[in-house]
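Here is a friendly tour of one protein model, written for someone who likes cut-offs stated plainly. Take a look at the sequence and the structure, then read on.

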Amino acid sequence: MGLRDPGEGRAMRTALLMALLFGMVQGLWAGGFSYRELCSLLGDLRGWQAEECTGMDLESPQGRMVMASREYRCKERVLQVTAVTGSSAMAYWSNWASFKPGTTLNTPEQLLKMIQVEGFPVGIVQSKRGKEGVIVVLLGKGEKAPGVLQASFRGLDWEEAIEALKGLPWKDMERRMRQ
């Protein structure tokens, strides 16, 4: 679930790309901007060292999708952040759609939570065997949301990961993805 070395981040981005391409058959829409513009919204996080943002613009007969990804490091802590717009973004959210904020599921292996952060629905899964997990932020409301911000984290707990992610402009991302 977490990133073990810098090369694994590239492998994760490749796997993510393949999953997004698979979602293309559903028909995609991503507004009229490029991944470079989306990268500009994945700016620096205070106290974290950021790698170069990468991404893609996908145009096909089924529509359009934009994805941007950036890795952040602070000592042993890692955040791999990806912003996605288009109908594939909803594939990230589909596992969370039936949960309401306030939902918590505890098992011996993991914690699953659904909360609201600054007005946005946020799904969280954290391994209990280590400080690693995944956070998914729905950038908007319901099925018409324009995109998703997803972060894999390692070396910190979910509360710390949320605090770091709040350093990114979620409302600006939502507004820009709607254009």
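Most residues other than glycine have a negative phi. Before going further, please note that this is a predicted model, in which local features need pLDDT of at least 70, side-chain atom pairs count only at pLDDT 80 or more, and totals for chains, interfaces and linings use all residues. Residues are numbered from 1 along each chain as its sequence is written, and side-chain values use heavy atoms, with hydrogens and water left out.

Lysine 75 also has a positive phi, near 55°. With a relative accessibility of 79%, lysine 75 counts as exposed. Here are the two residues side by side:

Let us follow the chain from glutamate 118 into β7. Glutamate 118 sits in the turn of a hairpin formed by β6 and β7, with two residues between the strands. These strands run antiparallel and are joined by eight bridges; two strands pair if DSSP finds at least two bridges between them. Within this pairing, isoleucine 115 stands opposite valine 122 in β7.

On leaving β7, the chain passes through four residues to β8 in another hairpin. Five bridges join β7 to β8 (residues 132–139), again in an antiparallel arrangement, and valine 125 stands opposite valine 134 in β8.

Is β7 enclosed or open to the outside? Eight of its eight residues are buried, so β7 is largely enclosed by the rest of the structure. Phe120, Val122, Ile124 and Gln126 point one way, while Pro121, Gly123, Val125 and Ser127 point the other way. In a regular strand the side chains alternate between the two faces of the sheet.

Stepping back, the protein has five helices and nine strands, taken as DSSP runs (H or I, at least four residues, for helices; E, at least two, for strands) numbered from the N terminus. Of the 179 residues, 51% count as buried.

How values were computed
Buried means under 20% relative accessible area, exposed over 50%, partly exposed in between (1.4 Å probe, protein chains only).
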